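Visitor: I'm new to this one. Could you walk me through how to read it?
Guide: Happy to. Let's bring it up and start with the strands.

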Amino acid sequence: MVEEVLAAAAATGSAAVVYVAAAARVVKQYEKGVVLRFGRLRSGVRGPGFTMVVPFIDRLHKVNMQIVTMPVPAQDGITRDNVTVRVDAVIYFKVVDAAAAIIRVEDYRFAVSQIAQTSLRSIIGKSDLDDLLSNREKLNQGLELMIDNPAVEWGVTIDRVEIKDVSLPETMKRSMARQAEADRERRARVINADAELQASKKLAEAAGVMSETPSALQLRLLQTIVAVAAEKNSTLVLPFPVELLRFLERAGQNPAPASPRPAAAPQPAQHPAALHVHDPHLHDAADAVHQPAAAPLARDDDTGTAGCI
(Lines give C-alpha, C1' and ligand atoms only; values in the text may rest on other atoms or scores of the structure.)
Protein backbone atom coordinates (compact mmCIF):
# COMPACT_ATOMS: atom_id res chain seq x y z
CA MET A 1 0.00 0.00 0.00
CA VAL A 2 2.74 2.35 0.96
CA GLU A 3 4.56 1.56 -2.22
CA GLU A 4 1.49 2.37 -4.23
CA VAL A 5 1.11 5.70 -2.45
CA LEU A 6 4.76 6.52 -3.03
CA ALA A 7 4.46 5.60 -6.71
CA ALA A 8 1.36 7.76 -7.12
CA ALA A 9 3.07 10.67 -5.39
CA ALA A 10 6.09 10.27 -7.63
CA ALA A 11 3.90 10.18 -10.71
CA THR A 12 1.97 13.23 -9.54
CA GLY A 13 5.19 15.09 -8.84
CA SER A 14 6.59 14.19 -12.22
CA ALA A 15 3.40 15.39 -13.90
CA ALA A 16 3.53 18.62 -11.94
CA VAL A 17 7.13 19.19 -12.94
CA VAL A 18 6.30 18.55 -16.58
CA TYR A 19 3.30 20.88 -16.39
CA VAL A 20 5.30 23.67 -14.76
CA ALA A 21 8.08 23.26 -17.28
CA ALA A 22 5.57 23.48 -20.12
CA ALA A 23 3.65 26.42 -18.61
CA ALA A 24 6.50 28.51 -17.28
CA ARG A 25 7.49 31.59 -19.22
CA VAL A 26 9.98 34.37 -18.52
CA VAL A 27 9.36 37.87 -19.84
CA LYS A 28 12.39 40.14 -19.89
CA GLN A 29 12.45 43.63 -18.45
CA TYR A 30 12.27 45.35 -21.85
CA GLU A 31 9.47 43.09 -23.11
CA LYS A 32 5.76 42.59 -22.63
CA GLY A 33 3.80 39.41 -23.18
CA VAL A 34 0.55 39.13 -25.09
CA VAL A 35 -1.39 35.92 -24.41
CA LEU A 36 -3.76 34.37 -26.96
CA ARG A 37 -6.01 31.59 -25.65
CA PHE A 38 -7.51 29.53 -28.42
CA GLY A 39 -6.58 32.43 -30.72
CA ARG A 40 -8.40 34.99 -28.63
CA LEU A 41 -6.65 37.89 -26.95
CA ARG A 42 -6.51 37.77 -23.20
CA SER A 43 -7.34 41.03 -21.49
CA GLY A 44 -4.19 41.34 -19.45
CA VAL A 45 -0.73 41.98 -20.88
CA ARG A 46 1.97 40.10 -19.03
CA GLY A 47 4.67 42.23 -17.52
CA PRO A 48 8.36 41.41 -17.10
CA GLY A 49 9.31 38.48 -14.88
CA PHE A 50 8.07 34.89 -14.37
CA THR A 51 4.61 34.04 -15.66
CA MET A 52 2.51 30.95 -16.33
CA VAL A 53 0.35 29.99 -19.29
CA VAL A 54 -1.84 26.99 -19.99
CA PRO A 55 0.21 24.55 -22.04
CA PHE A 56 -1.10 23.71 -25.47
CA ILE A 57 -3.90 26.23 -24.99
CA ASP A 58 -2.28 29.61 -24.49
CA ARG A 59 0.34 31.16 -26.74
CA LEU A 60 2.55 33.91 -25.39
CA HIS A 61 3.88 36.54 -27.83
CA LYS A 62 6.71 38.66 -26.53
CA VAL A 63 6.95 42.23 -27.84
CA ASN A 64 10.13 44.28 -27.57
CA MET A 65 9.40 47.69 -26.06
CA GLN A 66 12.86 49.17 -26.74
CA ILE A 67 13.53 51.92 -29.26
CA VAL A 68 14.30 50.28 -32.59
CA THR A 69 16.80 51.81 -35.00
CA MET A 70 15.88 50.96 -38.57
CA PRO A 71 17.80 52.22 -41.62
CA VAL A 72 15.66 53.25 -44.55
CA PRO A 73 17.13 52.04 -47.87
CA ALA A 74 18.27 54.76 -50.27
CA GLN A 75 15.47 55.98 -52.50
CA ASP A 76 15.90 57.48 -55.97
CA GLY A 77 13.63 60.38 -56.78
CA ILE A 78 13.23 63.62 -58.69
CA THR A 79 12.88 66.83 -56.73
CA ARG A 80 10.36 69.54 -57.45
CA ASP A 81 12.99 71.47 -59.46
CA ASN A 82 13.69 68.38 -61.64
CA VAL A 83 16.96 67.19 -60.10
CA THR A 84 17.63 63.46 -59.72
CA VAL A 85 18.80 62.61 -56.20
CA ARG A 86 19.34 59.56 -54.05
CA VAL A 87 18.37 59.94 -50.38
CA ASP A 88 18.66 57.54 -47.46
CA ALA A 89 17.47 57.99 -43.90
CA VAL A 90 17.22 56.33 -40.49
CA ILE A 91 14.12 55.99 -38.33
CA TYR A 92 13.79 55.50 -34.56
CA PHE A 93 10.54 54.05 -33.26
CA LYS A 94 9.17 52.00 -30.36
CA VAL A 95 6.07 50.01 -29.49
CA VAL A 96 3.76 51.63 -26.96
CA ASP A 97 0.83 49.21 -27.27
CA ALA A 98 1.96 45.59 -27.38
CA ALA A 99 -1.51 44.18 -28.04
CA ALA A 100 -2.13 46.53 -31.01
CA ALA A 101 1.29 45.70 -32.46
CA ILE A 102 0.36 41.99 -32.46
CA ILE A 103 -3.32 42.18 -33.40
CA ARG A 104 -3.65 45.12 -35.82
CA VAL A 105 -0.67 44.48 -38.08
CA GLU A 106 0.98 41.29 -39.21
CA ASP A 107 4.58 42.49 -38.91
CA TYR A 108 4.94 45.97 -37.50
CA ARG A 109 8.67 46.20 -38.35
CA PHE A 110 8.06 45.46 -42.03
CA ALA A 111 5.09 47.83 -42.07
CA VAL A 112 7.12 50.67 -40.57
CA SER A 113 9.92 50.04 -43.06
CA GLN A 114 7.58 50.19 -46.05
CA ILE A 115 5.75 53.31 -44.92
CA ALA A 116 9.11 54.99 -44.26
CA GLN A 117 10.33 54.26 -47.79
CA THR A 118 7.08 55.51 -49.32
CA SER A 119 7.11 58.68 -47.23
CA LEU A 120 10.75 59.34 -48.11
CA ARG A 121 10.02 59.17 -51.85
CA SER A 122 7.02 61.43 -51.35
CA ILE A 123 9.01 64.02 -49.42
CA ILE A 124 11.68 64.04 -52.15
CA GLY A 125 9.11 64.86 -54.83
CA LYS A 126 7.63 67.70 -52.77
CA SER A 127 10.94 69.40 -51.92
CA ASP A 128 13.52 71.43 -53.79
CA LEU A 129 17.18 70.54 -53.95
CA ASP A 130 18.13 73.47 -51.72
CA ASP A 131 15.71 72.25 -49.05
CA LEU A 132 17.21 68.76 -49.12
CA LEU A 133 20.70 70.18 -48.68
CA SER A 134 20.16 73.01 -46.20
CA ASN A 135 16.71 72.71 -44.60
CA ARG A 136 16.80 69.16 -43.32
CA GLU A 137 15.23 69.89 -39.94
CA LYS A 138 11.95 70.87 -41.56
CA LEU A 139 12.04 67.84 -43.85
CA ASN A 140 12.75 65.53 -40.91
CA GLN A 141 9.71 66.86 -39.07
CA GLY A 142 7.50 66.44 -42.13
CA LEU A 143 8.78 62.91 -42.72
CA GLU A 144 8.21 62.00 -39.07
CA LEU A 145 4.63 63.26 -39.27
CA MET A 146 3.93 61.30 -42.46
CA ILE A 147 5.18 58.04 -40.91
CA ASP A 148 3.62 58.57 -37.49
CA ASN A 149 0.04 59.04 -38.70
CA PRO A 150 -0.54 55.42 -39.85
CA ALA A 151 1.84 53.93 -37.27
CA VAL A 152 -0.26 55.16 -34.34
CA GLU A 153 -2.96 52.60 -35.17
CA TRP A 154 -0.36 49.84 -35.00
CA GLY A 155 0.63 50.71 -31.45
CA VAL A 156 3.92 52.19 -32.68
CA THR A 157 5.17 55.72 -32.15
CA ILE A 158 7.91 57.37 -34.18
CA ASP A 159 10.57 58.83 -31.97
CA ARG A 160 12.81 60.48 -34.58
CA VAL A 161 13.54 60.47 -38.31
CA GLU A 162 16.82 61.70 -39.80
CA ILE A 163 17.90 62.10 -43.43
CA LYS A 164 21.44 60.76 -43.53
CA ASP A 165 22.80 61.51 -46.98
CA VAL A 166 21.77 63.12 -50.26
CA SER A 167 23.67 61.81 -53.29
CA LEU A 168 23.82 63.99 -56.39
CA PRO A 169 25.00 63.23 -59.94
CA GLU A 170 28.57 64.24 -60.78
CA THR A 171 27.40 66.82 -63.32
CA MET A 172 25.23 68.50 -60.71
CA LYS A 173 28.11 68.52 -58.23
CA ARG A 174 30.37 70.26 -60.76
CA SER A 175 27.64 72.78 -61.58
CA MET A 176 27.12 73.58 -57.91
CA ALA A 177 30.87 73.91 -57.40
CA ARG A 178 31.10 76.40 -60.28
CA GLN A 179 28.14 78.31 -58.92
CA ALA A 180 29.67 78.54 -55.45
CA GLU A 181 33.02 79.59 -56.92
CA ALA A 182 31.39 82.32 -59.01
CA ASP A 183 29.43 83.60 -56.02
CA ARG A 184 32.54 83.76 -53.86
CA GLU A 185 34.44 85.56 -56.62
CA ARG A 186 31.60 88.06 -56.95
CA ARG A 187 31.65 88.76 -53.23
CA ALA A 188 35.44 89.14 -53.31
CA ARG A 189 35.21 91.68 -56.11
CA VAL A 190 32.53 93.65 -54.30
CA ILE A 191 34.65 93.71 -51.15
CA ASN A 192 37.72 94.85 -53.12
CA ALA A 193 35.71 97.58 -54.85
CA ASP A 194 34.36 98.78 -51.51
CA ALA A 195 37.88 98.84 -50.10
CA GLU A 196 39.13 100.86 -53.09
CA LEU A 197 36.29 103.36 -52.63
CA GLN A 198 37.07 103.85 -48.96
CA ALA A 199 40.79 104.13 -49.69
CA SER A 200 40.16 106.74 -52.40
CA LYS A 201 38.08 108.83 -50.01
CA LYS A 202 40.80 108.72 -47.38
CA LEU A 203 43.47 109.60 -49.96
CA ALA A 204 41.38 112.54 -51.15
CA GLU A 205 41.12 113.81 -47.58
CA ALA A 206 44.86 113.36 -47.09
CA ALA A 207 45.58 115.23 -50.34
CA GLY A 208 43.38 118.13 -49.18
CA VAL A 209 45.29 118.37 -45.90
CA MET A 210 48.69 118.21 -47.65
CA SER A 211 47.67 120.88 -50.15
CA GLU A 212 47.04 123.30 -47.28
CA THR A 213 50.44 122.52 -45.71
CA PRO A 214 53.17 121.92 -48.33
CA SER A 215 55.67 120.84 -45.68
CA ALA A 216 53.48 117.85 -44.91
CA LEU A 217 54.25 116.45 -48.36
CA GLN A 218 57.99 116.66 -47.67
CA LEU A 219 57.54 114.94 -44.32
CA ARG A 220 55.54 112.21 -45.99
CA LEU A 221 58.31 111.81 -48.55
CA LEU A 222 60.88 111.41 -45.79
CA GLN A 223 58.72 108.81 -44.06
CA THR A 224 58.47 106.87 -47.31
CA ILE A 225 62.26 106.95 -47.72
CA VAL A 226 62.72 105.68 -44.16
CA ALA A 227 60.21 102.85 -44.74
CA VAL A 228 61.93 101.77 -47.96
CA ALA A 229 65.45 102.02 -46.57
CA ALA A 230 64.56 99.91 -43.52
CA GLU A 231 64.85 96.70 -45.52
CA LYS A 232 68.16 95.16 -46.50
CA ASN A 233 68.50 96.14 -50.12
CA SER A 234 71.03 97.91 -52.29
CA THR A 235 68.54 99.89 -54.37
CA LEU A 236 66.64 102.85 -53.01
CA VAL A 237 63.54 103.93 -54.85
CA LEU A 238 63.05 107.65 -54.32
CA PRO A 239 59.67 109.05 -55.29
CA PHE A 240 59.84 112.35 -57.13
CA PRO A 241 57.29 114.98 -56.01
CA VAL A 242 54.89 116.11 -58.68
CA GLU A 243 54.96 119.65 -57.30
CA LEU A 244 58.67 119.88 -58.11
CA LEU A 245 58.01 118.84 -61.69
CA ARG A 246 55.34 121.51 -62.01
CA PHE A 247 57.73 124.12 -60.60
CA LEU A 248 60.38 123.22 -63.17
CA GLU A 249 57.76 123.32 -65.92
CA ARG A 250 56.64 126.80 -64.95
CA ALA A 251 60.26 127.92 -64.75
CA GLY A 252 60.89 126.68 -68.30
CA GLN A 253 57.84 128.45 -69.70
CA ASN A 254 58.81 131.86 -68.12
CA PRO A 255 62.58 132.40 -68.72
CA ALA A 256 64.38 135.27 -66.94
CA PRO A 257 64.95 138.54 -69.05
CA ALA A 258 68.48 138.88 -70.51
CA SER A 259 70.85 141.75 -69.45
CA PRO A 260 71.01 144.78 -71.88
CA ARG A 261 73.88 144.93 -74.31
CA PRO A 262 75.54 148.08 -75.97
CA ALA A 263 74.11 149.04 -79.35
CA ALA A 264 76.23 148.03 -82.30
CA ALA A 265 77.62 150.61 -84.76
CA PRO A 266 75.50 151.12 -87.85
CA GLN A 267 76.78 149.33 -90.88
CA PRO A 268 76.95 151.10 -94.23
CA ALA A 269 74.26 150.12 -96.67
CA GLN A 270 75.43 147.64 -99.21
CA HIS A 271 74.22 147.49 -102.70
CA PRO A 272 72.96 144.24 -103.95
CA ALA A 273 75.37 142.23 -105.92
CA ALA A 274 75.11 142.51 -109.68
CA LEU A 275 74.26 139.49 -111.76
CA HIS A 276 76.09 139.08 -115.04
CA VAL A 277 73.59 138.04 -117.68
CA HIS A 278 74.95 136.71 -120.95
CA ASP A 279 72.76 137.29 -123.97
CA PRO A 280 73.33 134.62 -126.61
CA HIS A 281 72.22 137.05 -129.32
CA LEU A 282 75.14 139.35 -128.56
CA HIS A 283 78.17 138.60 -130.65
CA ASP A 284 80.61 140.22 -128.32
CA ALA A 285 81.09 139.61 -124.66
CA ALA A 286 81.71 143.32 -124.23
CA ASP A 287 78.15 144.03 -125.27
CA ALA A 288 76.89 142.17 -122.20
CA VAL A 289 74.86 144.33 -119.94
CA HIS A 290 75.56 144.36 -116.32
CA GLN A 291 72.15 144.14 -114.60
CA PRO A 292 71.62 144.26 -110.88
CA ALA A 293 70.65 140.96 -109.33
CA ALA A 294 67.29 140.60 -107.67
CA ALA A 295 67.27 140.61 -103.95
CA PRO A 296 66.73 137.16 -102.43
CA LEU A 297 63.35 136.46 -100.94
CA ALA A 298 63.09 136.68 -97.26
CA ARG A 299 62.87 133.36 -95.28
CA ASP A 300 59.44 132.51 -94.07
CA ASP A 301 59.88 131.45 -90.47
CA ASP A 302 56.39 130.07 -90.28
CA THR A 303 56.63 127.77 -93.29
CA GLY A 304 60.38 127.09 -93.12
CA THR A 305 60.96 127.76 -96.87
CA ALA A 306 63.31 130.29 -98.60
CA GLY A 307 62.79 132.33 -101.74
CA CYS A 308 64.85 131.80 -104.86
CA ILE A 309 65.32 133.51 -108.27
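**Reading the strands and the surface**

Guide: Keep in mind that this is a predicted model. Three strands make up an open sheet, ordered S3-S2-S5, with antiparallel pairing.

Visitor: Which strands are the edge strands?
Guide: Those are strand S3 (40-46) and strand S5 (58-64), as each pairs on one side only. On average, neighbouring strands of this sheet are turned by 25° against each other, direction ignored.

Visitor: What holds strands of a sheet together as pairs?
Guide: In general, strands pair through backbone hydrogen bonds, and the pairing can be parallel or antiparallel. Here, strand S2 (residues 31-37) pairs with S3 over four bridges, in the antiparallel sense. To find your place, look for valine 34, which stands opposite valine 45 in S3.

Visitor: How many bridges join strand S6 to strand S7?
Guide: Nine bridges link S6 (residues 68-78) with S7 (residues 84-95), and the two run antiparallel. Glutamine 75 faces valine 87 of S7 across the pair. S6 and S7 form a hairpin with five residues between them, and in the turn asparagine 82 has a positive phi of about 60°.

Visitor: Now the surface. Which residues form the nonpolar patch?
Guide: Tyr19, Val20, Val26, Phe50 and Met52, which together have about 490 Å² of accessible area. Helix H1 (2-23) and strand S4 (49-52) are the elements that give two or more residues to the patch.

Visitor: Why does valine 20 count as partly exposed?
Guide: Valine 20, which lies in helix H1, counts as partly exposed because its relative accessibility is 40%, and that class runs between under 20% for buried and over 50% for exposed.

Technical notes. Residues numbered from 1 in each chain as written. Predicted model: local features only at pLDDT ≥ 70, side-chain atom pairs only at ≥ 80, totals over all residues. Heavy atoms only, no water. Pairing = 2+ DSSP bridges. Axes fitted to C-alpha atoms, helices over the stretch in contact; angles between N-to-C directions. Patch = residues over 30% accessible without salt bridge, like charges linked within 9 Å, V, L, I, M, F, W, Y side chains within 5 Å. Areas by Shrake-Rupley, 256 points an atom, 1.4 Å probe, with all protein chains shown as cover. Salt bridge = Lys/Arg side-chain N within 4 Å of Asp/Glu carboxyl O. Buried < 20%, exposed > 50% of the residue type's maximum accessible area, 1.4 Å probe, protein only.
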